[in-house]
Amino acid sequence: MLARAAADFYWMGRYFERAEHTARLLDYHLARLVDTPADVLAHGWQALYAALGQPPPVSLTVTDDAEAFLVADAFALAAYLIEDPANPNAIIQSWINARDNAKQLRPWLPVRVWTCLNDGFFWLRDCDFSEYWARGPNRLPAGVIERLRLLSGVIEARMSRDDAWRFLVLGRFVERLQRQTSLLQSWSRPSDGDYQMWTGLLEVCAAYEAYCRKHSMVVRPAHVRAFLLSNPEIPHSLSFAIRRVQSLLSGIDPAGGRYPLRAPHRHALRLAAAIETDLQVPIEHVDTWDFLADFAEDCREMHNLIIAEYVDYPLERGLPS
Amino acid sequence: MVSKADTSVTAPTPSPGNLGTTAHLSFDRARPSVASPAVAGAGAFTHYSIDSRFRDEMFRSDGTLRTATEQLGTALNNATPEQLMQLQDGVRRQFLHEGITFTVIGAEEAAEQIIPIDCVPRVITASEWDHIDRGLRQRLRALNLFLKDIYHEGWSLRDGIVPHDLVLGCPQYRMEMLGTKVPHDAYVSVCGTDIVRTHDGFAVLEDNLRVPSGVSYMLACRAAIKQAMPRLYRAHNVREVLPYPARLYSQLASLVTWTQTPRVAVLTPGQYNSAYYEHAFLAGEMGAELVEGRDLVVHDGLVFMRTVTGLKRIDVIYRRVDDDFLDPVTFRSDSLLGVPGLFHAYRAGNVVIANAPGTGVADDKALYAYVPDLIRYFLAEDPILDNVETYLCRTAEGLTYTLENLDKLVVKEVGGSGGYGMLVGPHASAKEKEDFAEQLRTDPANFISQPTLALSRATCFTDGKLEPRHVDVRPFVLQGKNDTWIAPGGLCRVALRRGSLVVNSSQGGGCKDLWVINEEKRDM
């Protein structure tokens, strides 16, 4: 597969995941506007922006972060993450970027995938956010999630499981690794007694029901952390994501899973091993913050290794023997 | 209403090459109980006026339907305005959802635009088309022989068929091609020839031999119309154009001599090119690679593309990049679009480039005037398709005539395209004519002039009404190792502005489907 096209698929997957991640966080947070005290909401906004690695909008000039989120209105904070052209990570911008990638991929992309993506773009571009807001603040992010799930379904149904698909899904899971790590880092800060925050984290990660089935409704921070770090059955856990990355890289590697493994593949195995071994001790005894800080660095390295191995490799290495 | 514009349509949107099954529009579904024959100026055609200066594709001069358009005209006449609106909206939306776009060069806003499509097909009979088909084959044979000649022996120059300076001074003439062996002498593998129709019949307006574009719009129009009016389409026994990508692939692959399984790539300048949609579309439909210059590398005289598993050899490049930008080592050194060393690989016979570098000399608008002579010279045949009368401003007589008749003529730059760099005398202001006259005097060799043609008019649905608009057609000719194939149809371009003669999409033009119908019809 053409290296540039592989990179476009990879980035398209990353942008889809980025948009969905932001939409999930917003969906959860905006749904709570109706019955949550202002100071808790402000704290939530602060955590949300921290999880996304986003500074607050420049219009918030108050120096103290917590106070800034308290005085800002929810509409402006949400709009900045959804549709503000000044925000390169806004949902609309992620969609535009994914569409730009897709435009370069028309020969490889099934027509239905393109039309689904294109329809979604027109829908989002032409949405009047204030009207959506009037109908329910979380209606628009919920709509974005629905559109993205439809797109995922079309991709699953229409794309053959070749390298194009692998790079697309690889992009999604590399992005998920980075975003989830950042999310867990930002959630490691609140006091362990904040029941609502931990429940919220589970809900944002679409893992609350699964958690309740496994651990009952008693939400313990240590259990939540373990659940979202090392449970391989939860789609938004780090363990799940790194296993998918490893499996996709195995498919992309011409030698499959056989020696010698390519650098990204080796790195993925190392990360998977880190989750399995470092977190084997009772989670209460693990310094989650340090672990996540190292893991975040490793995720960035994973991205660099993938690009260096499959896209920007030296020409002399690529010559036919 | 939540959306500013309702674009959330869920109607199926099949690809041009892969039609789905969908409910067609209601006017096409039901056979009218009483088929009232259409007449220009009445019924659905109330706003339709026949102008004796222009041949009308739908109606005879007395306002009755032509035999070939009887079924179509009757169906339109029996449709309600709402049904016609629904039809037009349906095909337009299909273009929107599939992202069938073009980019207007220099436009500051909305750089990427959906190409306007008209829902009423133009109809040509098979016998009329066969005449065009024979003429195009003849023309392409002569042009290929001419190109081989000017880059080898040069007999046509020595014998004075074409002036030396016209060829050697043409910016598209490539010295680098002198003596270069072109696989199977197929200099032009893909040709798009613009053909107009007047009361006198069909005539060639210009040949496009470099990187002719528009074929994807032809295919998209066909797919959209076929879906919108399947019964009428079937009833008309229309000749099929959809095999074009497969034929293009096989014609290109046939030019390779060193392998039975060549790897074909479409070389595009990138997604900001005005025809990028087409490049991507053709690559996808052919199963070819869509590459940019940065994806290719020349090593040991061979061309490779960067894949995720290393470099893979490319055998055929269907290039959509102008000669100038093809190879910075050989042509323009500031080109970022090309591949360093590509021309070296080409001269070594290790890659096929279609169309060959240097073919642009044969679609120069000044050389166009000599094509009938070239046909006689190389083929010893009379031209089947006429040329439009052309005055070369490079000659004293041509310049004088042009300056004296500026208000009646269309003046074009010899290297211009896309409707730019031209003056339509009858529609131009005094100031525009004055400016153009000055340019003519300054650089006469850069211009030709032609009479303002009475382009035929076809039925279009614009502003909620059926009205006639001027049209031309660009058929596409494919030349392979042994044979020539012409898509039985073409990109029918429409000047959507009332009275306008400029059909280019960059100048307010649109497109419509062209039906070449076999005389024997099927039941609806």
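I began with helix α1 (residues 3–31) of chain A and helix α10 (residues 195–204) of chain A, whose axes come within 9 Å and cross at roughly 135 degrees. Helices here are DSSP runs (H or I, at least four residues), strands are E runs of at least two, and both are numbered from the N terminus. Axes are lines fitted to C-alpha atoms, for helices over the stretch in contact, and angles run from 0 to 180 degrees between N-to-C directions. I noted that this is a predicted model, in which local features need pLDDT of at least 70 and side-chain atom pairs count only at pLDDT 80 or more, while totals for chains, interfaces and linings use all residues. Residues are numbered from 1 along each chain as its sequence is written, and chains are lettered from A and ligands numbered from 1 in the order in which they are written.

I recorded α1(A) and α10(A) as oblique to each other, since angles under 35 degrees count as roughly parallel, over 145 as roughly antiparallel, 65 to 115 as roughly perpendicular and the rest as oblique. R24(A), L25(A) and Y28(A) of α1(A) make the contact with G200(A), E203(A) and V204(A) of α10(A), contact being C-beta atoms, placed from the backbone, within 7 Å. By class, these residues are three nonpolar, one polar and two charged; Ala, Val, Leu, Ile, Met, Phe, Trp, Tyr, Cys and Pro count as nonpolar, Asp, Glu, Lys and Arg as charged, and the others, Gly among them, as polar.

In chain B I turned to helix α9 (residues 244–253) and α10(B), which pack at an angle of about 80 degrees with their axes 9 Å apart, and are therefore roughly perpendicular to each other. Here P245(B), L248(B) and Y249(B) of α9(B) meet L282(B), E285(B) and M286(B) of α10(B), a contact with five nonpolar, no polar and one charged residues.

How many residues does each chain bring to the contact between chains A and B? I found 30 residues from chain B and 29 residues from chain A. On the side of chain B that touches chain A, α10(B) gives the most, with four residues, and by class that side has eleven nonpolar, 14 polar and five charged residues.

Last, I looked up A86(A), in the loop between α4 (74–82) and α5 (91–104) of chain A. A86(A) counts as exposed because it has 10 C-beta neighbours inside 10 Å (exposed is 12 or fewer, buried 20 or more, partly exposed in between).

Methods
Contact = placed C-beta atoms within 7 Å.
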